[in-house]
Amino acid sequence: MTASSVTPFRIGDVWRDGDQGTHVLTSINPADGSVAGRVACATVEDVDAAVTCAWHAFQHAPWRNLRPDQRATTLYEIGRRLSAERETLAQLQMRDSGKPLKECQHMVDAAAGHFRYYAAVCETWQNEVTSPRGEYFSMALAEPFGVVACITPWNSPIMNEAQKAAPALAAGNAVLLKPSEETPQLAIELARICTEAGLPQGLLIALPGRGEDVGDALVRHPGVRMVSFTGGTDTGRIIGGIAGQRLIPVGLELGGKSPHIVFDDADVDRAVAGVMSGIFGSAGQSCVAGSRLFVQKSIYSTFIDALVERTRGLRVGLPDDADVQMGPLVSQAHRDRVARYVDIARSEGGQVRVGGDRPADGRLEKGCFYLPTVIDGLTNAARACQEEIFGPVLVTLPFEDEADVIAQGNDTPFGLAAGMWTADYARAWRVARALEAGSIWINTYKQSHIATPFGGFKDSGIGREKGLHGLRLYSQTKSVFFGMHAQPMGL
Ligand code: NDP
């Protein structure tokens, strides 16, 4: 495919090519503003056709009734093929999203790992048999919902898609996958790879389209029995509201404003490195970015000075530069949004210690680059400390003691993640228990694994993905009773 041709998507055996150009999504390479790809854009009518096709596949393809080891074989093969195409997929993702190539390679590895993991879970998953009780015995079966919709954001394409598709398929469902309109190409590739790996047609349909019509139509469609969404909290609220009205289950992985805490007994070198990777990795476009830094008062000044110095030395550059540490933001519009937040922070009394501007390097002029930024001098009530910026902007705040940092750390509507650096493990345990967040990192940050559940407290979401929780999210429980009565039943 060249960047000027339109990549079609398919609904079962029917290809959609974007009506010769009337319905096309153009993905822009954030590194230089060139066209990264053009993709046929789904319509509301396509949603209808896709739901019908997916239900047909769910009811008539033997997928859900295959033995678990047979389903696992296909899932494993999808993972193998993702790994085999690692370089091509990573390059495509780099052009779509602007992420550094090594991050994109890591995302493809993770996507492949998700399919391998759920192949293993699928094969070893046990249903429950209740202990014998009188004249019957009973069991609880995990049943698929049928057709589920998975809606993903732009910040981690292929990985986010795999995180939903792998467990949903392992549980026996058919999946309608709507990627972000900013990064539509990887979902189409995933659908192709699934088909080539032997997944029956119609069990995973990629629907590249816009959230406002295609995403909305998916959530409202009576044929969609469950929705799994990753994205912003405002969108999550709308989707959760519709799902509530329809009484269908929903999984919501939403935004964050995670506290990253440094106590005065921390290993300073490691903590500085952890704080920097926690916020500047993926140019801060990470739901778990450690975007509020709390440092204990006694070491505040020296710690922030060291952090500012090392941040100044970060290599911002083109995503395919071998030694790049931070690439561009996803779009000009998003960079403008990030820059606006820095202006707001300035107007609220914040002092920009480093960054706060575009890089001066002429090679980056056409891209959506923004410098890694550290802002000091705000209180936790400032907008830059309360609202998700989703960019390379770190606000720094001093704290007195354990009680103070727990109060400030929890003083946010979000509850996705939190991290801390300390030599005192008893304190780490107390603080970890007191922080309201779905993931807590102690002397590390942003570690994740497909086997460990992930999700948010408060406005950061509902439900858990990954691990065994991930399979449960896409299953509903059915209890079955077998009568063993010696005598006819009485009244
Ligand atoms: P959005 O909420 O804007 O969009 C996410 C997805 O939802 C996109 O596919 C979008 O389509 C679609 N969408 C938008 N409006 C609707 C609607 N009314 N009905 C159905 N679908 C809709 O988020 P972003 O793409 O901007 O992603 C950034 C956000 O995602 C951040 O807040 C980040 O924290 C969060 N996120 C959370 C993660 C987690 O696991 N907790 C992980 C990664 C990101 P379109 O692209 O066409 O607008």
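Guide: A definition first: two strands pair if DSSP finds at least two bridges between them. Please also keep in mind that this is a predicted model.

Visitor: In which sense do strand 1 and strand 5 pair?
Guide: Strand 1 and strand 5, the latter covering residues 35-40, pair in the parallel sense over two bridges. In one of these positions Val6 has Arg38 of strand 5 as its bridge partner. Thr7 has Val39 of strand 5 as its bridge partner.

Visitor: And in what order do the strands of that sheet come?
Guide: The order is 1-5-4, in an open sheet of three strands with mixed pairing. Strand 1 (6-7) and strand 4 (24-28) are the edge strands, each of which pairs on one side only.

Visitor: Do strand 4 and strand 5 run parallel or antiparallel?
Guide: Strand 4 and strand 5 run antiparallel and are joined by five bridges. Ser27, for instance, stands opposite Gly37 in strand 5. The two strands form a hairpin with six residues between them. In the turn, Gly33 has a positive phi of about 80°.

Visitor: Which strands does helix 6 lie across?
Guide: Helix 6 (residues 185-196) lies across strand 1, strand 4 and strand 5. Helix 6 runs at about 60° to strand 5.

Visitor: How many bridges link strand 14 and strand 17?
Guide: Strand 14 (residues 292-296) and strand 17 (residues 393-399) pair in the parallel sense over five bridges. Within this pairing, Pro398 in strand 17 is the bridge partner of Val295.

Visitor: Now the ligand. How many residues surround it, and which are the closest?
Guide: The ligand is surrounded by 28 residues, the closest being Thr152, Glu181, Thr235, Leu254 and Glu388. By class, the shell has 11 nonpolar, 11 polar and six charged residues.

Visitor: Where do backbone atoms come in?
Guide: A backbone N or O atom of Thr152 lies 2.7 Å from an oxygen atom of the ligand. For Gly211, a backbone N or O atom lies 2.8 Å from an oxygen atom of the ligand. A polar backbone atom of Gly232 is likewise 2.8 Å from a ligand oxygen atom.

Visitor: What percentage of the ligand does the protein bury?
Guide: Taken alone, the ligand exposes 900 Å², and the protein buries 86% of that.

Visitor: Which elements give two or more residues to the shell?
Guide: They are helix 7 (211-220), strand 11 (226-230) and helix 8 (233-246). Helix 7 gives the largest share, three residues.

Methods:
Residues numbered from 1 in each chain as written. Predicted model: local features only at pLDDT ≥ 70, side-chain atom pairs only at ≥ 80, totals over all residues. Heavy atoms only, no water. Helix = DSSP H or I, 4+ residues; strand = E, 2+ residues; numbered from the N terminus. Contact = heavy atoms within 4.5 Å. Axes fitted to C-alpha atoms, helices over the stretch in contact; angles between N-to-C directions. Near = heavy atom within 4 Å. Polar contact = N/O pair within 3.5 Å; in protein donor to acceptor, adjacent residues only side chain to side chain. Areas by Shrake-Rupley, 256 points an atom, 1.4 Å probe, with all protein chains shown as cover. Nonpolar A, V, L, I, M, F, W, Y, C, P; charged D, E, K, R; others polar.
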